[in-house]
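Morning, everyone. I have one structure to walk through, and I'll keep it short. Please have the viewer open.

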Amino acid sequence: MVWVNAVIQGILLGGVYALFAAGLSLAFGVMRLVNLAHGDLAIFAAFMTLSLSEALDINPLVALVIILPGAFAAGYALQLVVFDRVVGVDPAFQIVATFGLGIVIQNALLEHYTADTQGLDVGALRTSTIKVNDTIGIGWLPLLTFLTAIGVLAALALFIQRTKLGRAFRATSDDSDAAQLMGVNVKRVFAVAMALAIATVALAGVLFGARSSFDPFVGPTRLIYAFEAVIIGGLGSLWGTLAGGITLGVAQTIGRQVNPQWGALFGHFVFLAVLVFRPNGMFGKVQSR
């Protein structure tokens, strides 16, 4: 039962990783952009939620009503002002621009909040547990996070498959030049895609902050796990992102069960194994030559 509990906790942890990875998968799938500031933007949203909840004396989860529209608008503006200049050019420019943005965010947070660890107080929800038996317990907050990840990925999948703008996403992803010739406003498509990516990662950052402590420099670690979830699941595949997040989460919790210090190591081993034996990921498309 101890191992069963480890697997269950790993699946729930995978929900957090899937939420972090969803925005990366969406941005890469639509515009082939790798955003190295992705994790820092999530932590920035967690700090903004902390300040807002303290200023208004509200639950951090209630503050999402303000944070998520703000993150959407910020993502739209970032794409138009910063990322538009590096989409479709040498990837080195993407690395420099997004890495630089991450450094700016980290230092701005350090200046305002110091290096002290913080946490979002969501009350009894943080410790509430569904007791299955003496060994297995399912936390309400991890369960809520996992269900939220499924809901977000399902909503994004339906949006891309069933709406006119979603079809423009797919057309732009396949061939942006051809889509533009057919009347698609590619810049608008990119801006909406980045806005959705930033709103998604802001939600991930807030739920992460409600589950554990964070500081201005924890973003890059979240970015690494998000990258691994995307690669394991398959680049550009939203449901693959969920599968990759769950796989990574289960690997880490099993590793911790073997040795408390081996959690991240087991996850990295699974990531490397996927790179070696299935480079396109579990649900990635094989590119024809």
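**Helix packing, an aromatic pair and a pocket**

Start with helix 3, residues 60-81, and helix 8. Their axes come within 7 Å and cross at roughly 145°. Keep in mind that this is a predicted model. The crossing of helix 3 and helix 8 is right-handed. What classes of residue make up that contact of helix 3 with helix 8? There are 20 nonpolar residues, two polar and one charged.

Stay with helix 8, and bring in helix 1. Two numbers do the work here: packed helices are described by the angle between their axes and the distance between the axes. For helix 1 and helix 8, the angle is about 165° and the axes are 9 Å apart. Angles over 145 degrees count as roughly antiparallel, so helix 1 is roughly antiparallel to helix 8. This contact, too, can be split by class. Helix 1 with helix 8 gives 21 nonpolar, three polar and one charged residues. As for handedness, helix 1 and helix 8 cross in the left-handed sense.

Next, the rings. How many aromatic pairs does a search of the whole structure find? Six. I'll show one of them, Tyr17 with Tyr225. The ring centres are 5.2 Å apart and the planes sit at 50°, so this pair is tilted. Now look at where the two residues lie. Tyr17 belongs to helix 1, and Tyr225 to helix 9, residues 219-233. The pair therefore ties together parts that are 208 residues apart in sequence.

Last item: the second largest pocket. Its volume is about 310 Å³. The lining has 18 residues. Which of them are closest to the centre? Val87, Gly88, Ser176, Val186 and Phe190.

Helix 1 and helix 8 return here. Helix 1 spans 2-31 and helix 8 spans 186-211, and each supplies at least two lining residues.

Notes:
Residues numbered from 1 in each chain as written. Predicted model: local features only at pLDDT ≥ 70, side-chain atom pairs only at ≥ 80, totals over all residues. Heavy atoms only, no water. 1 Å grid on protein atoms, 1.4 Å probe; cavity = no way out; pocket = protein on both sides within 12 Å on 5 of 7 lines; lining within 4 Å. Points joined across faces, edges and corners; volume = space filled by probe spheres on them. Helix = DSSP H or I, 4+ residues; strand = E, 2+ residues; numbered from the N terminus. Axes fitted to C-alpha atoms, helices over the stretch in contact; angles between N-to-C directions. Left-handed = near helix turned anticlockwise from the far one by under 90°. Nonpolar A, V, L, I, M, F, W, Y, C, P; charged D, E, K, R; others polar. Parallel < 35°, antiparallel > 145°, perpendicular 65-115°, else oblique. Phe/Tyr/Trp six-rings, centres within 6.5 Å; stacked < 30°, edge-to-face > 60°.
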